[in-house]
Amino acid sequence: MENLAQKVLQFIVSDPKEWDYWTHTQRLAPVSQAPSIQSFVDFISTHKDEKIFVGGDYDCDGILATTIMVHGLRRYGIEVGYYIPDRIREGYGLHPQTVQKAHAKGYTTIITVDNGVKAIDALEKAKLYGMTTIVTDHHEIENPVPCDLLVHPTNMEPVFSTLCGAGVAFECIRALGLATGYDLELAAIASIGDVMIVKGQTRAIIQQGLKRLNEKAESHISPLANDRQLNEVNVGFQIVPKLNAVGRLSNLGNVNTVVRYFLCSDRSQLFTFQQQINQLNDRRKDLSMQMVNHAKAKCALQEEVLLVSDASYHEGIIGLVAGNLCNAYHKPAIVMTKNQEGYKASIRSPEGFNCMAFLKDFPSYATFGGHAQAAGFSLSPQDYTLFKKYIHDRIQTFQWEEPHLETLSVLPEELSLSAIQSLDQLRPFGPGFVCPSFELIHPEIQSMFPIQNGKHVRYILRNGLECMNFNQTEQEKQKSVNQIYSFVGQVQINQFRGQRKPSFIIETINYIG
């Protein structure tokens, strides 16, 4: 193993006895023997003549989970319909009105994918209609789920505990003996998109799925990427945002069309779909940039929690804007928009700041949910002033600190093309196996070039290594190059006009004094 890969492995995993696992490609675990999976197989095999409705979700994981489930059940000869709700008009999850429409169209069974454990009202409505309800989901179960069958990683063997929604759907179809290599590739993209822990079956799905994709370009997936060789990083930056963009901009495009795209076999139609997806993603990028610039101008930077509200903001983009503000200023950021019902909001926070703990004591949310670093909520119009006061008061006593970032110190000479390529032996990196941030101490800068009027800066080191600082901060613009103590960031291989060369992507610049 090349020195760089060995250094990275030792940094992440201290016990040499575990190294063998992380340096070898994992095979898929045998099909789950969990009672819930067996019950799923039994039900499907004895109800082939019934109409089944699949209820999905509008993010990358939900879109691909829907595709895998529909693709598999149709190959089994079952009549299958599907629907993913409109993010803005309907919001997350299976809704009672969707159940009503499905029943009216003659569907007798509902299968949810990547959602369902919170759809209490919809599942109870289905029960009133005498419909069979199967919930396949991976989200946290907070209350008993009123369904006929629950397929969830918590009731499967430990190796499946890290599955995303599409991973659960894949295991269901696999248990039926119907999973294809294409389903595996889709499950790999979804696992990356949902940022799952890269252990157990999830690690195997990502490794095996990307291996197939890299051996032979797939007509639905490969055209959505810029690079020919795919890993978890470029999948996460190039493919996943395009799928999420359609769900985010639900006033401009229908996310159900993306499922149609992944189920489509007509090449000319595929090209049309690809153009539509790319156009929506370009629109998403333009909107994001406009909103970020507007929000930055409105920010009260002296505040410990940034709060920006504007009725013109697109509801599907506010989470991206909050993330941008959080990264730019290293503070929790709340971005809100307003519609007829009231305020919709997203919060993003730095490592160490728990959004849910910070927000949980406000008494008047219309809706509220999320995770430690990202949450969403809505408020009625009359509660906005009260919420602003809550944020102001809460931060005075709320204890948090950003964890100290442990970096791996390297020399520029260690970052050769072959050394960076050697990291492929350890991929995928992600939660549970995080690639460290590398630190170049006292970098010998030979030249520097501002890009886009100083928005970005390219540094060339004495040994020829290119270091890119994207979206440099105001503080960085005012500092002298002579004050630079170190660059902290990630390494990658830059591909341009057929040439490949090592590149260092700067995350933080540390200064002397």
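Q: Which residue in strand 8 is the bridge partner of I334?
A: In this predicted model, the partner of I334 is I347.

Q: How do you know that strand 7 and strand 8 count as a pair?
A: Two strands pair if there are at least two bridges between them.

Q: What makes strand 6 and strand 9 edge strands?
A: Start with the sheet itself: it is open, has five strands in the order 6-7-8-10-9, and shows mixed pairing. Strand 6 (306-309) and strand 9 (367-370) each pair on one side only, and that makes them the edges. From one strand to the next, the twist averages 15°.

Q: Which strands does helix 13 touch as it packs on the sheet?
A: Helix 13 (residues 318-329) touches strand 6, strand 7 and strand 8. The direction of helix 13 makes about 35° with that of strand 8.

Q: Why is T67 called buried?
A: Buried means under 20% relative accessible area. T67 has 0% relative accessibility, so T67 counts as buried. You can find T67 in helix 4 (residues 60-75). Beyond residues up to four places away in sequence, T67 touches L186, V259, F262 and L263.

Q: Which residues of helix 11 are buried, and what do they pack against?
A: In helix 11 (residues 256-263), the buried residues are N256, V258, V259, Y261 and F262. They pack against helix 4, strand 2 (79-83), helix 8 (181-193), helix 10 (232-248) and helix 12 (267-298).

Q: Why does Y76 count as buried?
A: Again, the cut-off is under 20%. Y76 has 19% relative accessibility, so Y76 counts as buried. Y76 sits in the loop between helix 4 and strand 2. Leaving aside neighbours within four places in sequence, Y76 is in contact with I44, S45, K48, L176 and L178.

Q: How many residues apart in sequence are Y76 and R174?
A: They are 98 residues apart in sequence, and 12 Å apart in space from C-alpha to C-alpha.

Q: Why is Y485 called partly exposed?
A: Partly exposed lies between buried, under 20%, and exposed, over 50%. Y485 has 31% relative accessibility, so Y485 counts as partly exposed. Y485 belongs to strand 16 (residues 484-496).

Definitions and conventions
Residues numbered from 1 in each chain as written. Predicted model: local features only at pLDDT ≥ 70, side-chain atom pairs only at ≥ 80, totals over all residues. Heavy atoms only, no water. Helix = DSSP H or I, 4+ residues; strand = E, 2+ residues; numbered from the N terminus. Buried < 20%, exposed > 50% of the residue type's maximum accessible area, 1.4 Å probe, protein only. Contact = heavy atoms within 4.5 Å. Axes fitted to C-alpha atoms, helices over the stretch in contact; angles between N-to-C directions.
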